[in-house]
Each structure stands twice: as C-alpha cells, then as structure tokens.
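Student: I would like to go through this structure by question and answer. Please show it first.

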Number of protein chains: 4
Amino acid sequence: MHFLVIAGSLRAGSLNKILARWAVQRLGELRPGTSATFIDLQPLQIPVYDGDIEAQGIPQSINALAQQLSAADGLVLCTPEYNGSIAAPVKNLLDWLSRVKPQPFIGKPVQIFAASPGALGGVRGLWHTRVPFEVLGAHVMPGMVGVGQANTKLSGENTLNDPAAQKQLDPALENFMNFAQKLKQPV
Amino acid sequence: MHFLVIAGSLRAGSLNKILARWAVQRLGELRPGTSATFIDLQPLQIPVYDGDIEAQGIPQSINALAQQLSAADGLVLCTPEYNGSIAAPVKNLLDWLSRVKPQPFIGKPVQIFAASPGALGGVRGLWHTRVPFEVLGAHVMPGMVGVGQANTKLSGENTLNDPAAQKQLDPALENFMNFAQKLKQPV
Amino acid sequence: MHFLVIAGSLRAGSLNKILARWAVQRLGELRPGTSATFIDLQPLQIPVYDGDIEAQGIPQSINALAQQLSAADGLVLCTPEYNGSIAAPVKNLLDWLSRVKPQPFIGKPVQIFAASPGALGGVRGLWHTRVPFEVLGAHVMPGMVGVGQANTKLSGENTLNDPAAQKQLDPALENFMNFAQKLKQPV
Amino acid sequence: MHFLVIAGSLRAGSLNKILARWAVQRLGELRPGTSATFIDLQPLQIPVYDGDIEAQGIPQSINALAQQLSAADGLVLCTPEYNGSIAAPVKNLLDWLSRVKPQPFIGKPVQIFAASPGALGGVRGLWHTRVPFEVLGAHVMPGMVGVGQANTKLSGENTLNDPAAQKQLDPALENFMNFAQKLKQPV
C-alpha cells in the first residue's frame, strides 16, 4: 500500500511537518512494504480559492495532488487547529481539490492527527476538520489523536520522542492501515 | 450479514419509523441473504441518562441492545433532527450505550438517514448526529441522506413511494453493505 | 436582574451541580442585587421527548421551566460533555422546551460552563452544546469555560477551591451580566 | 452606527457579493443615519496563512482590515458554504485577523447570511462558519439566513428581487442593528 501524508501548516518549522515526516517513516516500520510520501504544501504556492482563477484553469499543483491522492490508498493529515476549527491551508486545499473531477476523496481512508504546543493538542478543532473530508466522501477514522505540548516531543526532521504519544499514534496508524487494506479488497 | 435498524423518534406515527421499516425490508431485497431487525425505542422506556440510575444497574433494555449491536454487522439509524442537532432520544440512547463494556460501537459501520416533513430533510442536524457515534468509535458512512417532504413520500407500515428518494437511498444502502462486508473480512 | 442556573447532569453528586450552586451564589456576590435560582433537573423526572406524550400535554415541569426562563434575564448552564457532545439531559430539556409557545429562548443570554474530572474540562463538547441553544434563538456567550480536574476543585454544596478556575469563571460571569443588562435596556 | 459588509467569495460575479452590496444599502434604508462599507476581498490578494509570511510582517491589508473592524459597530458576512463548511477565503481571513493584537473580534456583533444557487441556501455550512468567529470572541447572531436559488433572486450590482427572501433578511438586519446598538450603550 501507498499513502500520502500532508501537513496542514505551511511554515517550514511546523510541528505538524515533523509529525508528518515521522508518520511517513513509521507507516513503513509498522508494516514493511508500505510506502508513504510527504507532501509539503508551502512550495506549492496554492492561491486562496477563487472562482475567477479556476475559470482560467485549476492550478497544476492541485491537479497533480488530486492524481497522487487518487492513486494512494489513503491520506494521513497532520494539522494544527486554527481558532478552534480547521486550519485555513487545509480548508483551502480541500476547496480546490473538490473542484477536480473525478473527485479524489470518494471512499478514501483519512487519518487525522494534530500536533500543538498547547495542552489540549488541538482536539477541539479536529472535529471541525473532519467535516469537509466527510462531505467529500472520505472515510475519516474515528480515532483522531491530538499531541499536546508537541514542542517538547517533536524535534529535528522527523523525531518523536515521547513514548506516551507514540502509544496513541502507533495503534491509530495500525488501525488505519488495516482499515485501508480491508477497503481495498474486493467484496 | 445482519443489521440493526433504529428509528430516532419515539412516537408511534413517526415518519422515521416508516423509513426504518422500509430499510429493514430493502436491505434484504438489495442483497438476498441479508437480514435486519427493526428496533422501536418507544416500548423500551429508556430513562434519561442519570448516573444515580446507572449506579443501581444499567437498564436491561440497554444491555440487551448493546448485545444485539455487538452481534450485528452494522446499524442503520433513521432519525429526525431536533432543533438543528441530534434528537434527544438518539443522544440518550448513545449516552447509555457508551456505559456498556465492551463498548459496542467500536469499528461498527453506521448509516444515517433522516426523514422530515420540511424541505431540508433534516440535513442540518445530520452533521451533529454523527459526531457522538464517531467519538464512540463507529465508522459513520460519509453519504447521509435526508428525505424532505417525507410526509408525502412515506406511508403505511413501511412504504416509500418516491422514486427520487429511492434513487438516493438504494445506492447508500448498497455502499453501506459493501463497506460492512469489507470491514468484516479478515485482512 | 434574575438568572436561572441549570446543571446538565442529573445525579445528586454531580460536579456540575456544585459548580451551578457556586455560580448562583457568585452572581450575587459579583453584582449585589442580582439573584439566581438553581434548577435541579433530577426531581423533575422529565421523560425522554416523545411526540405521543406531547400529544397528551407538555409535562407540567416543562411549562413551569419555560415560564421561569421567560421571566429570567438569562441562563447559566453548567454541563458535562457526554461522548464529545451535548449531554442527553440537556438535549432532552431543550427538545421539550422548544415545543412551548412562545419559545422562551429567543434573544435570551446563555452562559455555558463545563466541569469535568478529565484534563480537557469538557471543552470538546461545549461547541456542540451551544448549537441547539443558538438554533432556538439564544445568545450564547462566546467565552465558555471548561473546568478540568474538577473533582479536585469542587466540593461540598457549592465550594470552588481553585483560584485559577475562579480567575476564568469570574470575568465570564461579569461579562455575562453586563451583556444581559445591555440587552435588557431599551434601544 | 457604521458596519462592515464582507463577501466570503472572491470571484467578481459572486452572488454573495451582490447580496453584500444589497445589505450595505439596506442597512441605511432600514435605519437612516447608518452607514456601511463593502469589503471586496479579491483585490486584497491575501495569501494563504503561513507563519513564515507572518514572521516577516502581517500583510498590510490585514492590519488595515483589523482597524476597520475595530472601528465598526459590527460585521455582516455574506458567504457561500464550500463543501458543507466554512469557505476557504473566510477561514483564511479569520486566521490572519486572529494574529492582530488587540484582536478585533472580541465582543463584535456579526450577522451571517449565505447566498447559494442550490435549494438549501448553504444552511449546512453556516453552522460551521460561525464557530471560529465565536472562538475569537464575536457575538454571532443566532438567526442566520440562507438564500437558496439565489441566482434567480440576485442580479446586477446590488439587486435583490425576491419578496420572500427580503422578508427574512430585513428583520434579521433590524435585529442585528438593535443588538449592535444595545451592546454599544454603556451599562
């Protein structure tokens, strides 16, 4: 199986990018043979959704991402909450991707994690973040995980140094891969 | 496969009860060999959740329902929206069921429909209705269906007389059964 | 001004009942001349909403509560979250009150607090709890407060023993009373 | 009093821009002496929120908008729903404005309308749209209005040609102005 892993924050030093790169590696460790690709949204320079831009053509980066998503067995999103709800870069990505036909989210397994320096781990926003994915037809895993005080747990390129967090994230990734594999099987 | 079908409204003449009984029959028609059981919540006389009642023992009807749910391959819920959100009888059922160990919703496929005499078909409340199911670990199908003007479409014991509504409900039930079957398979 | 204070949990030993009774007293301390009445839902024995019961008459306790609410300058709700969303006793109360005409929530100021033994203080459920109040026309204060680890902070009949929590609750109550007073003034 | 009116869609021909310009004019008609300013987000060229951009300085357009908002007695937002939730341009605007200190939304009255060519009038997304405004401290009016089939009702620069829609929008605007005036008064 092959997965995409997207970080919902744009800035280079984002905790969610570290978590995303950790997940890329961890998916393969937990289930040998599994591969995953990290998507950094910052260099894609996606504009805010605007129907007048769309009329001139959906941005090439969006079409490419939609193709990668269609080809993948699922998506892991590592995202901050912004103002108690979905982060603008994530909502913007979704609003653009929703314009691509065929729509790449239909039936797609999605796992959402949140890393946050705060105590709550972004858990409040996760329940708003999943809604548009579900509206677009994705199967968002019920078990989301928020990693609080993430600035003390995530570092470097892709290091998670917190056994308690890993104890939540690992089974979530295992469940997610099992789920994706089951959905992939013929009935 | 075997499914439970629950109506979220208590009153005997509820449109959602007609829709639920229609779904019971339709599941078997669409996929011969499939069976389904309609659960009428009204005669169960479930009290409003109260920790002091629980301390004396979870109501027998709740324990029985939890067992039926654990044994089923999935749940179809036909529910009204009350005040733009989850109907009290549904939330109350969930709050009681959440107290049973092991928790019967973990990994359980759930399909939500809404029948409503109004034009919007209860669609606003559906997105709040799914949240506690997901919190409890269920896989709620992304494609929910709201049947508006349902008083002109549903009648008798279990009659749906509206091709347009059926054209939405049938594929939702098919997807749901496919999904449940895939989840049931070993990896 | 006069306020109602309702606890969303039924059981006698509920942390939210302690917080509610604390709020009753604190409203008067913060603004002398203000009075507040604590409503304990448990003895009211409100049945789960059922249109067949309603057809025989809205329960007397609901009609009485609607009148008290109409006469009050606002409502303080102290409520647990159940399964990441609104507590069943609260949703059930709202679904019954919504059937009373004229509807008592229109334009009514509402302040929501949550006490919880957990670390998150019920904050996840608060954002679902406010929705049906708003659907019914209430002005729910944006600043909700969740008191986490409340079992170590609330005790006795109405004692809050935690300066940090009080530092959040006091200004919320002050803002709420100012807001209610402004809405009460003629334009 | 003075209000800002923002359209949540960027494209020039947006139905929500027509509705927003209608609201600008209607506020003054309903209450002589009231003024309102329409804000078109498209020419502001706001980038998707990125902490690395912010580190080099919040965009000038955001600072200017925050000042206008702070000086205004309230905000009217006319917005589409995108994928069942908040439109990306609106969430992005909020995520940027949330970074300005002092935060301009605290205690600010906000009225939300939605225009949509669909039958539901965007009503599903409205309940997600209000959340981050409330998280930021705004008083979002409980009575939101969705104008369905808006392509047949809105035209030209600022024309609303539908008595039924106007019958919902006018009292909402009146209530909103009364509310804003009451909040403006000293206690």
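Student: Which residues form one aromatic cluster with Y49(A)?
Tutor: Keep in mind that this is a predicted model. The cluster draws on chain A and on chain D. Besides Y49(A), its members are W96(A) and Y82(D).

Student: What kind of aromatic pair do Y49(C) and W96(C) form?
Tutor: The structure holds 18 aromatic pairs over all chains. In the pair of Y49(C) and W96(C), the centres are 4.8 Å apart and the planes are at 70°. Planes over 60 degrees apart count as edge-to-face, so the pair of Y49(C) and W96(C) is edge-to-face.

Student: Is Y49(C) buried or exposed?
Tutor: Buried means under 20% relative accessible area. Y49(C) has 7% relative accessibility, so Y49(C) counts as buried.

Student: How are helix 1 of chain A and helix 6 of chain A set to each other, oblique or roughly parallel?
Tutor: Helix 1 (residues 15-30) and helix 6 (residues 163-184) of chain A pack at an angle of about 60°, with axes 10 Å apart. Angles under 35 degrees count as roughly parallel, and 65 to 115 as roughly perpendicular. The angle therefore makes helix 1 of chain A and helix 6 of chain A oblique.

Methods:
Residues numbered from 1 in each chain as written. Chains lettered and ligands numbered in written order. Predicted model: local features only at pLDDT ≥ 70, side-chain atom pairs only at ≥ 80, totals over all residues. Heavy atoms only, no water. Phe/Tyr/Trp six-rings, centres within 6.5 Å; stacked < 30°, edge-to-face > 60°. Buried < 20%, exposed > 50% of the residue type's maximum accessible area, 1.4 Å probe, protein only. Axes fitted to C-alpha atoms, helices over the stretch in contact; angles between N-to-C directions. Helix = DSSP H or I, 4+ residues; strand = E, 2+ residues; numbered from the N terminus. Parallel < 35°, antiparallel > 145°, perpendicular 65-115°, else oblique.
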